[in-house]
Amino acid sequence: MKPAAINDMFRRLQAANPEPKSELEYVNPYTLLVAVVLSAQATDAGVNKATRALFERVTTPQQMVELGEEGLREHIKTIGLFNTKAKNVIKLSEILVREHGGEVPRDREALEKLPGVGRKTANVVLNVAFGEETMAVDTHIFRVANRLGLAPGKTPEQVEAGLLKAVPKPFLRHAHHWLILHGRYVCKARKPDCDRCPIADLCTAAEKWVA
């Protein structure tokens with residue numbers, strides 16, 4: 001996709017949704033971190049359903065440690081891989097209390113050292129909680145970036161690097177949310193809704209689905 005088309009694409013996405021938000025529910029940077037860790041291989045809706053009662057009771061790492069692994073499992077047992085996720089959340093909470101004064105660090109390296117936190121999770125937290133211009137490449141963004149010819153790559157890291165170069169500076173703050181939402185609701189994996197796509201005329205995909 002050419003630079004002019006990329007600029008036009010994000011201009012249209014911005015016009016349709018000026019302030020895109022994460023669909024995960026959270027109350028502060030810590031609960032956001034927990035929600036993103038829980039969302040691996042799970043839907044945002046499923047995570048939200050499980051965490052609503054949890055986040056009424058627990059909003060700090062210390063409170064999570066006090067809840068304990070067994071108590072956390074009871075809250076999140078409807079989420080896939082809940083046993084492993086419960087262990088990771090308790091461990092990362094202990095580290096935040098012990099090493100970071102109970103605060104979520106605004107530092108990629110420190111975030112990625114936490115159990116259950118990879119590059120994508122760190123990028124989400126840095127972007128959503130702290131307003132940094134990061135690109136959290138999930139399956140939707142990976143697919144859309146390749147399908148559109150926006151930032152082709154064989155790995156999430158390649159796509160992330162390509163997007164950071166390709167996306168115009170004014171749009172970087174919200175770009176990953178626009179792309180996630182576009183991939184989730186319009187440019188879907190099995191059958192994209194090309195006939196209602198606001199950027200169909202800019203898309204370089206070899207095959208399109210029009211009713």
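Predicted model: local features only at pLDDT ≥ 70, side-chain atom pairs only at ≥ 80, totals over all residues.

My entries follow, grouped by topic.

**Ground rules.** I number residues from 1 along each chain as its sequence is written, and side-chain values use heavy atoms, with hydrogens and water left out.

**Positive phi.** Most residues other than glycine have a negative phi. I looked for exceptions and noted Gln41, with a positive phi of about 55°. Gln41 sits in the loop between helix H2 (29-38) and helix H3 (44-57); helices here are DSSP runs of H or I, at least four residues, numbered from the N terminus. I also checked its accessibility: Gln41 counts as exposed at 74% (exposed is over 50% relative accessible area, buried under 20%, partly exposed in between, with a 1.4 Å probe and protein chains only). Leu81 went on the list as well, with a positive phi near 60°. Leu81 is in the loop between helix H4 (61-76) and helix H5 (82-100).

**H1 against H10.** Axes are lines fitted to C-alpha atoms over the stretch in contact, and angles run from 0 to 180 degrees between N-to-C directions. On the H1 side, I listed Met9, Phe10, Leu13 and Gln14; on the H10 side, Ala175, Trp178, Leu179 and His182. Contact means heavy atoms within 4.5 Å. I sorted these residues into six nonpolar, two polar and no charged. For the sorting, Ala, Val, Leu, Ile, Met, Phe, Trp, Tyr, Cys and Pro count as nonpolar, Asp, Glu, Lys and Arg as charged, and the others, Gly among them, as polar.

**H2 against H3.** Back to the helices on either side of the Gln41 loop. The axes of H2 and H3 come within 10 Å and cross at roughly 145°. Thr31, Val34, Ala35 and Leu38 of H2 touch Val47, Thr51 and Phe55 of H3. That contact splits into five nonpolar, two polar and no charged residues.

**Salt bridges.** How many salt bridges does the whole structure hold? My search gave 18, counting a side-chain nitrogen of Lys or Arg within 4 Å of a carboxyl oxygen of Asp or Glu.

- Asp44 and Arg184 pair at 3.3 Å, N to O. Asp44 is in H3 and Arg184 in H10, so this bridge ties together parts 140 residues apart in sequence. Asp44 is buried at 15% relative accessibility, while Arg184 is partly exposed at 23%.
- Glu112 and Arg108 pair at 3.8 Å, N to O. Both are in helix H6 (residues 108-112), four residues apart, about one turn of the helix. I have Glu112 as partly exposed at 32% and Arg108 as partly exposed at 25%.
- Asp193 and Arg196 pair at 3.3 Å, N to O. Asp193 is buried at 18%, and Arg196 is partly exposed at 49%.
- I also flagged a network of salt bridges that links Asp8, Arg11, Arg12 and Asp201.

Terms used
Helix = DSSP H or I, 4+ residues; strand = E, 2+ residues; numbered from the N terminus.
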